[in-house]
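I opened a notebook for this structure.

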Amino acid sequence: MEASSAWHDVPRERIQRFADRALEQVPELAQDILAAIRREYPGLAFIADESGEPKALVAIRNALELFVEQMTTGSDRPRVLPEMFQDFGRGEVTQGRSLDSLQGIYRLGVRLSWRRMAEIGQQVDIPPAAMYELAESAFEYLDVMVAQSVRGYAEAVARQAGERLRLQRQLVELLLAEHRTDPSALLADRAAGVGWKLPERVAVAVLLRPAQEAVAPAVGDEVLLDMEGEQPRMVVPDPDAPGRAELLHRATANWSGAIGPSVPLAEAATSLRWAEAAVGMIEQGLLPQGRLLHCGEHVEALVLLPSGELIDDLARRRLAHLGETGGPAHAHRLAETLLAWLETRGGAPEVADRLGVHPQTVRYRLRQLRELWGEDMDDPDRRFEMELVLRARRLRGDLVPPPD
């Protein structure tokens, strides 16, 4: 309280009488406050200390005594025992409650305390203006108590969240490891530690950060998210469940990445391998970026492109005749025509429609192809191999895809 305050102008002996009476009544007042709290919050559990007394009762007494002590010393700002009220805030987290009830308890305690202080003030003739200042100090004291509890609550939430993330990362690492023995028991134990229900099937996603400080996808507690690595990973339970695809689409907006196929839980590492392969192709520009790709929709690329050396060797053997044509441009047109014919197995009109050229042009090219490959054009195995290598070329961008 400032030097010019009404409280400061009260004679010291009168303030001392006020403080002495208040301290005499602290034990009884603390009991009354605790009884009122029990009535107002009947479901609240009160933990006892080593002596058997409720910790809440001890805290109420200490808070009242400290407040009265500050009144007699003329302290400028209210001061509380920080650890005590931070501990109450941490306790709310442990009990799975919000701070609402704790703040309500503080307000109730301050209100009852003020009534008793007002009675004592009248008994020792404290002027009304000084009592008003005392009331202001009481509510400032309340604000400080709440602030300390909020701090304790926030620290406990952060610690709890950090511990859950640590356990969740351990679970993800175990899920994505290659297992030589049945991991079911260990998985169940780790999953119970984070409250994760073991699903029958999972799909694993690998993400590419749009920026280093990008906010983690809001996938919810059902999806295990590990943001620690350079490429974050997600373990998606029951990936074919209704609404799951829409959830992932919304949560990963503006992220690039790939999600592997749905597999049994113990085979999560297989889904991870496909997702990592797809992400590698995204980084090389072989698959589109800017969204979460489903590996099942890009099987052709995932199967053909990693087999580059084998495909190139097959191409040298099966497409060698293209080098016998009239230059690279003509060879390219013949390759496009051959692939369109292999994919449609139709006549000149169907192939022409696919390529967007005149049927007569297609007939001319087909005659050339027949002259170059002869009976291989009718051999199922040769046709399959030629289509394989031509599709690989198209995936690499060496052949123009057919128009939609």
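**Entry 1: T252.** I began with T252, which sits in the loop between α8 and β4. Helices (H or I, at least four residues) and strands (E, at least two) are DSSP runs, numbered from the N terminus. The model is predicted, so local features need pLDDT of at least 70 and side-chain atom pairs pLDDT 80 or more, while totals for chains, interfaces and linings use all residues. Residues are numbered from 1 along each chain as its sequence is written, and side-chain values use heavy atoms, with hydrogens and water left out.

Is T252 buried or exposed? T252 has a relative accessible area of 3%, so I noted T252 as buried. (Buried is under 20% relative accessible area, exposed over 50%, partly exposed in between, with a 1.4 Å probe and protein chains only.) Leaving out residues up to four places away in sequence, I found T252 touching L207, P217, M234 and L292. (Contact means heavy atoms within 4.5 Å.)

**Entry 2: A22.** Next I went to helix α2, where A22 is found. A22 has 3% relative accessibility and counts as buried. Which residues does A22 touch, not counting those up to four places away in sequence? I listed V68, M117 and I120. I also looked up the C-alpha atoms of A22 and M117: they are separated by 7.0 Å, yet the two residues are 95 residues apart along the chain.

**Entry 3: positive phi.** Most residues other than glycine have a negative phi. I looked for exceptions. D238 has a phi near 45°, a positive value, and is not a glycine. I placed D238 in the loop between β3 (233-237) and α8 (244-251). D238 is partly exposed, at 35% relative accessibility.

N254 is another non-glycine with a positive phi, of about 75°. N254 lies in the loop between α8 and β4 (256-259). That is also the loop of T252. T252 is buried, whereas N254 is exposed, with 67% relative accessibility.

**Entry 4: helix α15.** I then followed α15, residues 380-396. How far does α15 reach from its first C-alpha to its last? The 17 residues of α15 reach 24 Å, close to the 24 Å expected at 1.5 Å a residue. (The expected span is 1.5 Å times one less than the number of residues.)

I wrote down the buried residues of α15: R383, E385, M386, E387, V389, L390, A392 and R394. An α-helix has 3.6 residues a turn, so residues three or four places apart point the same way. What covers the buried residues of α15? The cover includes α10 (299-304), α11 (308-318), α12 (328-344), α13 (348-355) and α14 (359-373).

**Entry 5: aromatic pairs.** I applied a ring rule: rings of Phe, Tyr and Trp (its six-membered ring) pair if their centres lie within 6.5 Å; planes under 30 degrees apart are stacked, over 60 edge-to-face and the rest tilted. How many aromatic pairs does this rule give? The count is two.

W7 and F18 have ring centres 5.8 Å apart and planes at 80°, so I put this pair down as edge-to-face. W7 lies in helix α1 (residues 6-9) and F18 in helix α2, so the pair ties together parts eleven residues apart in sequence. Both W7 and F18 are buried.

F67 and Y141 make a tilted pair, 5.2 Å centre to centre with 55° between the planes. F67 is in helix α3 and Y141 in helix α6, so this pair ties together parts 74 residues apart in sequence. Both F67 and Y141 are buried.

**Entry 6: the largest pocket.** I finished with a pocket. (On a 1 Å grid over the protein atoms alone, a pocket is an open set of points where a 1.4 Å probe fits, with protein on both sides within 12 Å along at least five of seven lines; lining residues have an atom within 4 Å of a point.) The lining of the largest pocket has 37 residues, with A56, A59, F88, L102 and Y106 nearest the centre. Which element gives the most to this lining? I found α5, with nine residues. Also supplying at least two residues each are α2 (12-40), α3 (55-73), α4 (82-94) and α6 (128-175).
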